[in-house]
Amino acid sequence: MSYVLPPLTYAYDALEPYFDKQTMKIHHTQHHQTYINNANSILEVYPELAKYSVEELIKNLDKVPINKRTFMRNNAGGHANHTFFWNTLKTGTTLSGDLKMAIARDFSSIEQFQKEFEKTAATHFGSGWAWLVLQGNKLAVISTVNQDSPLMGEEITGNLGVAIIALDVWEHAYYLKYQNKRTDYIQAFWHVVNWDIAAVRFSRKT
Ligand SMILES: [Fe+2]
């Protein structure tokens, strides 16, 4: 068994004009596929690892031989993070219900949450991800380096939490349309967050 690129549930141009068609297509078919190909190259050599889902594997990186662990952390992490990200995107949904109330409770207001998320995403140095996570009963904004995921646990990421939404802040996610203007890309994200799936993720854990 090996990892397979999951098809998007929407067209590459579905998130226009916020996330453009060309970036979405390259990001999905090239960048994501490369993480998968790299991770599969390890599964071929260590087929016993193939019994785990990618999420289980990155939760348990100690199962990967030590000399391949960083490679798998980066590439299985890349596969898991991008799969999560594609599912986090959709136009036309609205933040509402229990998740909206919890965000307002834990960040003082929705506006304050957005500011904190934007600042974390904008000031993350280099490549990585910004996340809204549930830590215990409290929501928090964190960032991770490279392809690290909150699923990898505190020892690796320095943060624990269950991911609710994520934003890819690698340049490959925005450079074609936004060049060096990462903050414009972050602003565009608010138009394409799938708050419906975020609410489902939140309700499963509360
Ligand atoms: Fe990416």
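1. Ground rules. The model is predicted: local features need pLDDT of at least 70 and side-chain atom pairs count only at pLDDT 80 or more, while totals for chains, interfaces and linings use all residues. Residues are numbered from 1 along each chain as its sequence is written, and side-chain values use heavy atoms, with hydrogens and water left out.

2. Aromatic pairs. Rings of Phe, Tyr and Trp (its six-membered ring) pair if their centres lie within 6.5 Å; planes under 30 degrees apart count as stacked, over 60 as edge-to-face and the rest as tilted. The count comes to 15 aromatic pairs. One of them joins Phe113 and Trp190. Their centres are 5.7 Å apart, with 70 degrees between the planes, and the pair is edge-to-face. Phe113 lies in helix H5 (residues 110-123) and Trp190 in the loop between helix H8 (182-189) and helix H9 (195-205), so the pair ties together parts 77 residues apart in sequence. Helices (H or I, at least four residues) and strands (E, at least two) are DSSP runs, numbered from the N terminus. Both Phe113 and Trp190 are buried. Buried means under 20% relative accessible area, exposed over 50%, and partly exposed in between (1.4 Å probe, protein chains only).

3. A tilted pair. The ring centres of Tyr178 and Tyr185 are 6.1 Å apart and their planes meet at 55 degrees, so the pair is tilted. Both tyrosines, Tyr178 and Tyr185, are buried. They also belong to one aromatic cluster, whose members include Phe19, Phe84, Phe85, Trp86, Trp129, Trp131 and Tyr174.

4. Charges over rings. The test is NZ of Lys or CZ of Arg within 6 Å of the ring centre and within 35 degrees of the ring normal. Lys177 lies over the face of Tyr178, at 5.6 Å from the ring centre. Arg201 lies over the face of Phe84, at 3.7 Å. Both of those rings, Tyr178 and Phe84, sit in the aromatic cluster.

5. Rolling a probe the size of a water molecule over the atoms shows where empty space is left. Here a pocket is an open set of points on a 1 Å grid over the protein atoms alone, where a 1.4 Å probe fits, with protein on both sides within 12 Å along at least five of seven lines; lining residues have an atom within 4 Å of a point. Grid points are joined across faces, edges and corners, and a volume is the space filled by probe spheres set on the points. The largest pocket holds about 470 Å³ of space. Its lining has 18 residues. Nearest the centre are Phe84, Leu151, Val162, Ala163 and Arg201. Phe84 and Arg201 are also the ring and charge of point 4.

6. Who lines it. Helix H2 (54-59), helix H3 (69-87), strand S3 (162-168) and H9 each give two or more residues to the lining of the largest pocket. H3 gives the most, with five residues. By class, the lining has eight nonpolar, five polar and five charged residues. Ala, Val, Leu, Ile, Met, Phe, Trp, Tyr, Cys and Pro count as nonpolar, Asp, Glu, Lys and Arg as charged, and the others, Gly among them, as polar. Domain 1 (21-87) and domain 2 (97-204) each supply at least three lining residues. Those bounds come from an automatic or database domain assignment.

7. Backbone points to check. A cis peptide bond joins Glu16 and Pro17, with omega about 0 degrees. Pro17 is in the segment before helix H1 (21-45). Ser108 is in the loop between helix H4 (97-107) and H5, and counts as exposed at 66% relative accessibility. Asn146 is in the loop between strand S2 (138-145) and helix H6 (154-157). Asn146 is partly exposed, at 37%.

8. Sequence against space. Thr183, in helix H8, is partly exposed at 45%. Thr183 and Ala122 are 61 residues apart in sequence and 6.0 Å apart in space, C-alpha to C-alpha. Ser127 lies in the loop between H5 and strand S1 (128-135), and is partly exposed at 25%. Thr9 is in the segment before H1 and is exposed at 70%. Thr9 and Asn38 are 29 residues apart in sequence and 24 Å apart in space, C-alpha to C-alpha.
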